[in-house]
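Keep the 3D view open as you read.

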Amino acid sequence: QVLLVESGGGLVQPGGSLTLSCAASGMIFELYTMAWYRQAPGKQREFVARRGNGARTNYVDSVKGRFTISRDGAKGTVYLQMNNLKPEDTAVYYCSATRGTWSTGHPDYWGQGTQVTVSS
């Protein structure tokens, strides 16, 4: 059974930083593309960042230069380092896993989500 467990969300002031973590189990981590999505109140879930089993990444334009996605194969964990946070980054952040070492397809698995609130 594949399980993705996010952690690291919370309340942060504008301009602050947070690092989200997602621990994966029940899967061969290196065979999956890992990604982060987010869903703000009243909006559809949107793609944020993706990393394959290598250095290749892509990001939604609104977070480029502020967010960094990384992964640790030994720990089976993917991270999202978020800097210079803005109120519009407020959302529930979801970790996802898609079969393939680089895949832009619809995720096969989702985590339960972690809340990020950016407010003064």
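## A hairpin, a core and a glutamate

Let's start with the hairpin of S7 and S8: four residues sit between the strands, and Gly76 takes a positive phi near 60° there. Bear in mind that this is a predicted model. S7 and S8 run antiparallel, paired over six bridges. S8 also pairs with S3, again in the antiparallel sense and over six bridges. Val78 in S8 is a handy landmark: Arg71 has Val78 as its bridge partner, and Cys22 stands opposite Val78 as well.

Now for the inside. The largest nonpolar core has 28 residues, and those touching the most other members are Met27, Met34, Trp36, Leu80, Met82 and Tyr93. At least two residues of this core come from each of S3, S4, S5, S7, S8, S9 and S11.

Then there's Glu6, in strand S1 (residues 3-7).

Leaving aside neighbours within four places in sequence, Glu6 is in contact with residues including Ser21, Cys22, Tyr94, Cys95, Gly111 and Thr114. Trp36 and Tyr93 are also among the contacts of Glu6, and both belong to the group of core residues touching the most other members.

Conventions:
Residues are numbered from 1 along each chain as its sequence is written. This is a predicted model: local features need pLDDT of at least 70, side-chain atom pairs count only at pLDDT 80 or more; totals for chains, interfaces and linings use all residues. Side-chain values use heavy atoms; hydrogens and water are left out. Contact means heavy atoms within 4.5 Å. A nonpolar core is a set of buried Ala, Val, Leu, Ile, Met, Phe, Trp, Tyr and Cys residues joined through side-chain atoms within 4.5 Å. Buried means under 20% relative accessible area, exposed over 50%, partly exposed in between (1.4 Å probe, protein chains only). Two strands pair if DSSP finds at least two bridges between them.
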